[in-house]
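Here is a briefing on a predicted model.

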Amino acid sequence: ELHLRYASLSDENDDSKTKIFLEIFRRNTSLQSLKLSGRYTNDTDAILFAEILKFNTSLSTLKFKDTNIRDTGTEALALSLKVNSTLTQLSFFNLG
């Protein structure tokens, strides 16, 4: 059983790290803060996170930095906030 409270993911040239981390995150109920950075994080990843946020009840902080997330990804994340009541900070730095 994996219990994470804080995590940071930076990918160099391997977006499979993001996919693996997403699966871990999907099953984790103790993660409170997550920071993702790297140009390989994109709209597809953001849409997956948006789906996860719809049922996640532990994450309060989610930060994206230096990613290739664009309008589609940010819109999906914003819409997920309509049903997520635990996320209190969603930050984007240097997108696209």
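**Aromatic cluster and a loop asparagine**

Phe 92 is partly exposed, with a relative accessible area of 29% (buried is under 20%, exposed over 50%, partly exposed in between; 1.4 Å probe, protein chains only). Phe 92 forms one aromatic cluster with Phe 49 and Phe 64.

**Aromatic pairs**
- There are two aromatic pairs (Phe, Tyr or six-membered Trp rings with centres within 6.5 Å; planes under 30 degrees apart are stacked, over 60 edge-to-face, the rest tilted).
- The Phe 49 and Phe 64 rings have centres 6.1 Å apart and planes at 85°, so this pair is edge-to-face.
- This pair links distant parts of the chain, 15 residues apart: Phe 49 in helix 2 and Phe 64 in strand 3.
- Phe 49 is buried at 0% relative accessible area, and Phe 64 is buried at 0% relative accessibility.
- The Phe 64 and Phe 92 rings are stacked, because their centres lie 5.5 Å apart and their planes meet at 10°.
- Here too distant parts are linked: Phe 64 in strand 3 and Phe 92 in strand 4 (residues 89-93), 28 residues apart.

**Asn 56**
- Asn 56 sits in the loop between helix 2 (43-53) and strand 3 (61-65) (DSSP runs numbered from the N terminus: helices H or I, at least four residues; strands E, at least two).
- Asn 56 is buried, at 8% relative accessible area.
- Beyond neighbours within four places in sequence, Asn 56 is in contact with Phe 25, Asn 28, Asn 84 and Thr 86 (heavy atoms within 4.5 Å).

**Basis**
- Residues are numbered from 1 along each chain as its sequence is written, and side-chain values use heavy atoms, without hydrogens or water.
- In this predicted model, local features need pLDDT of at least 70 and side-chain atom pairs pLDDT 80 or more, while totals for chains, interfaces and linings use all residues.
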